[in-house]
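Please keep the sequence and the structure in view while reading.

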Amino acid sequence: MNWLKKLTSTQRADSGLEYTLWRKLPLIAGVGTALPLSGLALAHLLADAEPSAAEARWLQMMDYMVSGMVIFHWSMVGTVAIGCVIVMVMKGPGYVADGYRVSHSDQPRASMETDEEAAGYRLPTDDAVS
């Protein structure tokens, strides 16, 4: 079943910022993850072997803050990726799906439309579905 048919009269738009961003997203995600984690690793390496209660609390707070930063960064990268995909799809070739002629009228009908009348408004299909 061919759900979407390309329109022959349309053409693709030129690529823009979305392709540049799309190609850089793995690098952005990797750097945005590695930098906070390397800072956290450095904080743990510089901490005492037997930290006091306050220092242990501070290190645990840093663990939570860095994990929150990384998760927030991933969600922003995912949001930008979704935006890039949407723009790429919209700049692509045009498609048509299920054309349906509508009976235009200035006034509503007095009775419901019959199935035969409704079938008259449907566009003919290229492939017959049994």
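The model shown here is predicted, and in it the protein has 3 helices and 2 strands. Read from the N terminus on, these elements follow the order β-α-α-β-α.

**Overall make-up**
- The protein has 130 residues, of which 16% count as buried.
- When contacts between residues at least 6 apart in sequence are considered, 68% of them join residues at least 24 apart.

**Helices H1 and H2**
- Helix H1, which spans residues 17-46, and helix H2, which spans residues 53-91, have axes that come within 10 Å and cross at roughly 180 degrees.
- Because angles over 145 degrees count as roughly antiparallel, H1 is described as roughly antiparallel to H2.
- Sorted by class, the residues in the contact of H1 with H2 comprise 24 nonpolar, 4 polar and 3 charged ones.

- Lys6 lies in strand S1, which covers residues 5-6.
- Lys6 counts as exposed because its relative accessibility is 55%, and the cut-off for that class is over 50%.
- Leaving aside residues up to four places away in sequence, Lys6 touches Pro93, Gly94 and Tyr95.
- Although Lys6 and Val96 are 90 residues apart along the chain, their C-alpha atoms are separated by 6.4 Å.

Key. Residues are numbered from 1 along each chain as its sequence is written. This is a predicted model: local features need pLDDT of at least 70, side-chain atom pairs count only at pLDDT 80 or more; totals for chains, interfaces and linings use all residues. Side-chain values use heavy atoms; hydrogens and water are left out. Helices (H or I, at least four residues) and strands (E, at least two) are DSSP runs, numbered from the N terminus. Buried means under 20% relative accessible area, exposed over 50%, partly exposed in between (1.4 Å probe, protein chains only). Contact means heavy atoms within 4.5 Å. Axes are lines fitted to C-alpha atoms, for helices over the stretch in contact, and angles run from 0 to 180 degrees between N-to-C directions. Angles under 35 degrees count as roughly parallel, over 145 as roughly antiparallel, 65 to 115 as roughly perpendicular and the rest as oblique. Ala, Val, Leu, Ile, Met, Phe, Trp, Tyr, Cys and Pro count as nonpolar, Asp, Glu, Lys and Arg as charged, and the others, Gly among them, as polar.
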